[in-house]
Amino acid sequence: MSLRSNRPFRRLVTSAAAIVAAGVLVVGCTSNDPEETSDSDDAGEEESTDNGGAAASGNDEPGETVTIGFSGPLADHGWLAAVNSSAIAEAESYEDIDLRTAEATNDASLQISQIETFINEGVDAIVLLPTDGAQLTEIATRAMDEGIIVVNVDREFSSPFAARTTVLGDNYGMGVSAGTYACQLIEENNIADPVIAEIAGIDSLPLTQDRSQGFEDALSACDQTVDNRVAAEFTVESGEEQASNLLQAAPQIDIIWNHDDDQGVGVKQAFENASRDEFFFLGGAGSCNAMQWIQDGEMEATVLYPPTQAADGIRLARLLAQDKGMSDLVQVSVPRRIVLDAPVVTADNVDQYVDLCFES
């Protein structure tokens, strides 16, 4: 099945450099110690004290061993599985990290007891993606009060005192990226009175609401609105069911944005079942399936929601526990809140992002 591809060219809406920069912010974390002057420096040249120069690169070198406790979500779909696996792989890449992993869970009570165990063991840092940010706030605050660094991932706590730093994907930004790209497609292809459809995730979740709001706001910039909308449940089965309902309700569609590439497996099956391919198909999250569909010309684009957030959390926990900072910043420290970029992946740049994909 080949989806609509009668566009003159593609352009990347969100700069590819942005997510690379976000990665460098963590990958290029540097110590507070200035780089030593090389013997080849000019004899009469004074050593620069300007923080705007090239950063040192000592943070990836082995340091004092730190013990990090990691508590992640039950891997009931591909993105969550990638969250856990990327965090564990990142910890294993450092010989100075002693990682202790808790059983993956969607049970807030169990996760609270896991954090209590980490506290009793006296770990240096805890990285967790909470099952529920509000319910885990009290125990995370207790860990912080006892001198344990807490790195919060993806779902925020309800108090700023519960974590030293928070690493987030950009749900609203996903919607903005998808909507901005949709506007671009409309302009490039001279689509008059376009019919725009949206297949959301679970409507009761704030992340779904943020994605939809971002999509709506971006579309309004080019005087467009969503004409047909359904909500699935981030599963293959629900994606197929809701996409089928959508196709029955709308005999002609120009652009469809599906929030989640895991449920996108079912969404695409519904397209094939109905023999419908007249539209530009946009996805969300960045699964390996989506990357392959883009490469094969069966999908126009997807918007990244990085599953590497917990891996970034591991790196930041190590950095903080070793009392290091980021010398790329004027204030050599670790920011209290890091929001990762949500770039659009198309056939033009898919090779830059395919290594970040996750299996559905």
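Is Asp193 buried or exposed? Asp193 is exposed, with a relative accessible area of 73%; buried means under 20% relative accessible area, exposed over 50%, and partly exposed in between (1.4 Å probe, protein chains only).

This is a predicted model, in which local features need pLDDT of at least 70 and side-chain atom pairs count only at pLDDT 80 or more, while totals for chains, interfaces and linings use all residues. Residues are numbered from 1 along each chain as its sequence is written, and side-chain values use heavy atoms, with hydrogens and water left out.

**View 1. Confidence along the chain.**
The average pLDDT, the predictor's confidence in each residue from 0 to 100, is 87 for the chain, and 84% of the residues score at least 70. Over residues 5-56 pLDDT stays under 50, and the model has 80 contacts beyond four places in sequence for this stretch; a contact means heavy atoms within 4.5 Å. Where pLDDT is low, the predicted coordinates should not be read in detail.

**View 2. Two aspartates with positive phi.**
Asp193, from the opening question, sits in the loop between helix H5 (171-188) and strand S6 (196-200). Helices (H or I, at least four residues) and strands (E, at least two) are DSSP runs, numbered from the N terminus. Phi of Asp193 is near 50°, a positive value in a residue other than glycine. Asp323 also has a positive phi, near 55°, and belongs to the loop between helix H10 (309-321) and S11. With 64% relative accessibility, Asp323 counts as exposed. For background, most residues other than glycine have a negative phi.

**View 3. The salt bridge between Glu156 and Arg337.**
Glu156 and Arg337 form a salt bridge, their closest N and O atoms being 3.1 Å apart. Here a salt bridge is a side-chain nitrogen of Lys or Arg within 4 Å of a carboxyl oxygen of Asp or Glu, and a search of the whole structure finds 13 of them. Glu156 lies in the loop between strand S4 (149-153) and strand S5 (165-168), and Arg337 lies in strand S11 (residues 337-339), so this pair ties together parts that are 181 residues apart in sequence. Glu156 is partly exposed at 38% relative accessible area, and Arg337 is partly exposed at 49%.

**View 4. Lys268 and its two glutamate partners.**
Which residues form salt bridges with Lys268? One partner is Glu272, with the closest N and O atoms 2.9 Å apart. Lys268 and Glu272 are 4 residues apart in helix H8 (residues 261-274), which means about one helical turn separates them. Lys268 counts as buried at 5% relative accessibility, whereas Glu272, at 35%, counts as partly exposed. Another partner is Glu298, where the closest N and O atoms are 2.9 Å apart. Because Lys268 lies in helix H8 and Glu298 in the loop between helix H9 (288-295) and strand S10 (301-304), this pair ties together parts that are 30 residues apart in sequence. Glu298 is buried, with a relative accessible area of 19%. Elsewhere, salt bridges that share partners join Asp98, Arg100 and Glu121 into one network.

**View 5. Asp260, a buried charge.**
Asp260 is placed in the loop between strand S8 (255-258) and H8. Asp260 is buried yet has no salt bridge, and the nearest side chain of opposite charge, Arg211, is 4.9 Å away. Lys and Arg count as positive and Asp and Glu as negative, with His and the chain ends not counted. The Asp260 side chain does reach the backbone nitrogen of Gln263, at 3.0 Å. Leaving aside residues up to four places away in sequence, Asp260 touches Phe234, Gly284 and Ala285.

**View 6**
Six strands make an open sheet in the order S7-S6-S8-S9-S10-S12, with mixed pairing; two strands pair if DSSP finds at least two bridges between them. At the edges are strand S7 (228-231) and strand S12 (344-345), each pairing on one side only. Strand S9 (residues 280-285) and S10 run parallel and are joined by 4 bridges, and Gly284 stands opposite Val303 in S10. The buried residues of H9 are Cys288, Ala290, Met291, Trp293 and Ile294, and their cover includes H8, S9, S10, S12 and helix H11 (350-353). Just after H9, Gly297 takes a positive phi of about 75°.

Note on methods: Polar contact = N/O pair within 3.5 Å; in protein donor to acceptor, adjacent residues only side chain to side chain.
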